[in-house]
Amino acid sequence: MARLLVVLAAALALVPGTARAAGCGGAAGSFAFVRGDTLQLLDFDSCSERTLVSRGAAPPVRFSPDGRFVAFGRGEVVPVGGGPILRPLGSRTESWQRSWSWGYSGLIAGITHSGGVLVASVEDPSYEPHLLVPDGFGARTIAFGPSGEFLAVSRPLSPFGAGRAEQEIWVVTLATGARRRLLHVPRRELGPPEVLGWSPDSRYVLFWLDAQNSASLEADGFPLEAIPARGGRPRAVVPFILGYDDYRTWCGSTLVVAAGGDRVSTHGKSIVAATPPRWMRRDLSRDRPRSWISPACSPDGAWVAAAAGPDTGLNESFVRPWRSIWLLAADGSTRRRLTEPPRGMTDESPRWSRDGHSVLFVRTRSKTPFRGSLYLVRLDGSLAGPIAQLGTSPPYYGDYGWAVGTDWFQPRVG
C-alpha cells in the first residue's frame, strides 16, 4: 500500500473541473479528494467544488467521524469549512497507510518515527498531545476501534530495533494507556502483522501476516485473519486478499471481501461473505468469467455493489480493465449489472448513498491519461454526472486506487 500511495501522490495530475450544477443526483454530504497535489471538497448539497489545500496534499484522505475535518498525507488536518492546515501530530509521524487513524471527539492517533503512538486533538485546545504508546515500542500499523475506546497496534519486533523475531498485535485502552497483547507470533519466517481494521461491534480485529516482510509477496496478497478482541485464537477468513481497504466491507455482522491472490486485480477475484464466529465462506458473485473487486454494502444490508469485468488471466500484467458496477444480493441469490461504460472506460470504486437509492462511482479512462470522473447511478440504471473531475490515477496491475485518495461523508438519515 505504501507503493500505491507514492504512485498516487506522484501521478494524480491536476485536471480543472467544477461540479455541474444539475449533476449531483440528489445525494447528500461531502466528497473529499486529492487532485494533483490539491485537496478538493465537493459539497453535494450545493453541488459546488472548492479547494481546501492548494498544494502539498497527498493520499490517504479520510473524514473525521463527525465530518467536520479532513485528514490527509501524514495526518495533516483541515476543517471542511476551510482554514489553515492543522498539524495535531506535528512532524513526528509516519505517512504510510494505516500509520494514522481517526478516533472520536476530534482525536487522531499516529505512529511516530521512533515507533510510538502519539494521540492529539483537533478540537480541544486544552488536550495535550501525548504518547499513548512509548517511543521504541515498534508500532507498525494502528486502527481505532468503532467505539473509540481502544486502539489496535501491531509491531514487528519487541523491543523496537532489538532484532528479536516476535510479531505482535496489542489492544490499548485510550483512557488509561493500559496494553493487552492480543497476538504473538514468534516464528521468524512470518513477517510483521498488519492491523486492517475492526468489526463494527468491536468484537474482532482483522489482520494479516506480511510473510517474510516482503513488498513483492505483499502485492500478491496474504490470508485475511480475525482474532477476538477479548483474546483467543485467530481464525482464517479467506486464503488470500489484496491489501486495498476497499476490498473489505461489512454488511451488519457479515464481512464481505474481494477474495483471491495475485496482484492482477482483473484475474481470479470473487466476492465472498463470511460471518463470525465460524467464518463460513459464501461466494456471492459465483461468476468465474469475471473478476470482482471493491465490494460496498447497501445501508439496509440487502445488496452489495461491486466492480467487475472480464477475467484477463495472468498473462496480461498491465491490463486495460473494462469493469461495470454490479449489484449482488447479500444472500447470493441474484446479481445484475447496474452500469455499462463505453469502450475505453471502466467503472470503479462503488459507494452507496446514505439513503440507499444510488451508488457513487468513478468512470475512468482505461488507458493513459487514466482520467477519472465522478458519477452517480440510481438503482434503475439512470446516471447523474459527470459530477466532478478527479484527475488521473495510473492503475497498479489493474487497480486504480481511487479509494485511498478519496472519501465521502454523509449525514445520517433521521
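1. A disulfide is taken here as a pair of cysteine sulfur atoms within 2.5 Å. The model under review is predicted, and a search through the whole of it turns up two disulfides. Counting bonded cysteines along the chain, the pairing pattern is 1-2, 3-4.

2. The pair Cys251 and Cys297 has its sulfur atoms 2.0 Å apart. The link between Cys251 and Cys297 is right-handed, with 125 degrees about the S-S bond.

3. On accessibility, the cut-off for buried is under 20% relative accessible area. Cys251 is at 11% and therefore counts as buried. Cys297 has a relative accessible area of 14%, so Cys297 is buried too.

4. The other disulfide joins Cys24 and Cys47, with 2.0 Å between the sulfur atoms. Its link is right-handed, at 90 degrees about the S-S bond. The pair connects distant parts of the chain, 23 residues apart. Cys24 sits in the loop between helix H1 (2-11) and strand S1 (30-35), while Cys47 sits in the loop between strand S2 (38-43) and strand S3 (48-53).

5. Are Cys24 and Cys47 buried or exposed? Cys24 has 6% relative accessibility and so counts as buried. Cys47, at 8% relative accessibility, is likewise counted as buried.

6. A separate point concerns His130, which is placed in strand S10 (residues 130-133). Its relative accessible area is 30%, so His130 is classed as partly exposed; that class covers values between the limits of 20% for buried and 50% for exposed.

7. Which residues does His130 contact, leaving aside its neighbours within four places in sequence? They are Val117, Leu118 and Val119. Within the excluded stretch, the side chain of His130 reaches the backbone oxygen of Glu128 at 3.3 Å. Leu89 is 41 residues from His130 in sequence, and the C-alpha atoms of Leu89 and His130 are 9.5 Å apart in space.

Key:
Residues are numbered from 1 along each chain as its sequence is written. This is a predicted model: local features need pLDDT of at least 70, side-chain atom pairs count only at pLDDT 80 or more; totals for chains, interfaces and linings use all residues. Side-chain values use heavy atoms; hydrogens and water are left out. Helices (H or I, at least four residues) and strands (E, at least two) are DSSP runs, numbered from the N terminus. Buried means under 20% relative accessible area, exposed over 50%, partly exposed in between (1.4 Å probe, protein chains only). Contact means heavy atoms within 4.5 Å. A polar contact is a pair of N or O atoms within 3.5 Å; within protein, one must be able to donate a hydrogen and the other to accept it, and residues adjacent in sequence count only if both atoms are side-chain atoms.
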